[in-house]
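Here are some notes to read alongside the model. Keep the sequence and the 3D view open, and find each residue as you reach it.

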Amino acid sequence: MEHQLLEADDSYIGLAWEQALSKVTYPMSLRNRAWFKSIILAQLGGNAALPHGLGLDNASYLELKRAVSSREVENQELLWRQPFKANLRKRSEVLAEVFSLRAQERNELINVLIEYANPKAPYALQMAIVVATACLSQAHLWRSLGLSERAELGDLLKYNFPDLHAMNTNNMRWKRFFYRYLCQQGGDYVCRAPSCAECSSYSECFV
């Protein structure tokens, strides 16, 4: 199967994907609706290591919220904008600035996820951007997304990126798995050992 990949550049997200995603209007599945709702609420509540908008451009984020269609999300959004939530807004701004410095890395992660996105899972492309953005945090990926546990992350990835999920046969921690995949494709991010058996961090990679 041939896939159209993002070109690595200095933008926070490729302009082509901004324009494409901002025009998406199809219905969202119940499973992705629940996950996106949880992630948005976690970000607005300061419980996810994500900037406001989850890494999406503004038009795509607004469309995502329309698809989620949650009064709870809208109420939390209004609360997030109140003066006494200034610390959360500042945190979001700092995350956005820090992540923007790693735009090329983020776009390479987006490429990997989009390459394996489930065509039958509505909004899998948006999920690819959100997951890739969360990978830039130092915390465990499921925590960065504001999910309840690692198993929930596994379910999310299996639904949206089933073929990629199936490749993680040794139950490697997901963020390390993604970066190891990039390394194997010629990148230079985390895995520098010639094989897992010779890697000093081997025990840290698997659950």
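1. Let us start with glutamate 115, which is found in helix 6. Helices here are DSSP runs of H or I with at least four residues, strands are runs of E with at least two, and both are numbered from the N terminus. With a relative accessible area of 24%, glutamate 115 is partly exposed (buried means under 20% relative accessible area, exposed over 50%, and partly exposed in between, with a 1.4 Å probe and protein chains only). Now look for leucine 164: it is 49 residues from glutamate 115 along the chain, and the C-alpha atoms of the two are separated by 8.9 Å.

2. A word on where this comes from: this is a predicted model, in which local features need pLDDT of at least 70 and side-chain atom pairs count only at pLDDT 80 or more, while totals for chains, interfaces and linings use all residues. Residues are numbered from 1 along each chain as its sequence is written, and side-chain values use heavy atoms, leaving out hydrogens and water.

3. Step back to the whole chain. It has twelve helices and zero strands. Of its 207 residues, 46% count as buried. Take the contacts between residues at least 6 apart in sequence: 72% of them join residues at least 24 apart (contact means heavy atoms within 4.5 Å).

4. Stay with helix 6 (residues 103-115), and look at how it meets helix 7. Their axes come within 8 Å and cross at roughly 140 degrees (axes are lines fitted to C-alpha atoms, for helices over the stretch in contact, and angles run from 0 to 180 degrees between N-to-C directions). The two helices are therefore oblique to each other (under 35 degrees counts as roughly parallel, over 145 as roughly antiparallel, 65 to 115 as roughly perpendicular, and the rest as oblique).

5. Which residues make helix 6 and helix 7 meet? From helix 6 come Arg106, Leu109, Ile110, Leu113 and Ile114, and from helix 7 come Leu125, Ala128, Ile129, Val131, Ala132 and Thr133. By class, that contact has nine nonpolar residues, one polar and one charged (Ala, Val, Leu, Ile, Met, Phe, Trp, Tyr, Cys and Pro count as nonpolar, Asp, Glu, Lys and Arg as charged, and the others, Gly among them, as polar).

6. Helix 7 (residues 124-134) also packs with helix 2 (residues 30-44), at an angle of about 30 degrees and with the axes 12 Å apart. Helix 2 and helix 7 are therefore roughly parallel, and helix 2 passes helix 7 in a left-handed crossing. Helix 2 brings Asn32, Trp35, Phe36 and Ile39 to the contact, and helix 7 brings Ala124, Gln126, Met127 and Val130. Six of these residues are nonpolar, two are polar and none is charged.

7. Helix 9 (residues 150-160) is another partner of helix 7: the axes come within 10 Å and cross at roughly 135 degrees. That makes helix 7 oblique to helix 9, and the crossing is left-handed. Ala124, Met127 and Val131 of helix 7 touch Leu156, Leu157 and Asn160 of helix 9.

8. Setting aside neighbours within four places in sequence, the contacts of leucine 145 include Ile39, Val130, Val131 and Leu153.

9. Is leucine 54 buried or exposed? At 0% relative accessibility, leucine 54 counts as buried. It lies in the loop between helix 2 and helix 3 (58-68), and has a positive phi of about 65 degrees although it is not a glycine. Serine 92 is 38 residues from leucine 54 in sequence and 9.6 Å away, C-alpha to C-alpha.

10. To finish, visit serine 92 itself, in helix 5 (residues 86-100). At 6% relative accessibility, serine 92 counts as buried. Not counting residues up to four places away in sequence, serine 92 touches Gln43, Pro51, His52 and Trp80.

Methods:
A crossing is left-handed if the near helix is turned anticlockwise from the far one by less than a right angle, and right-handed if clockwise.
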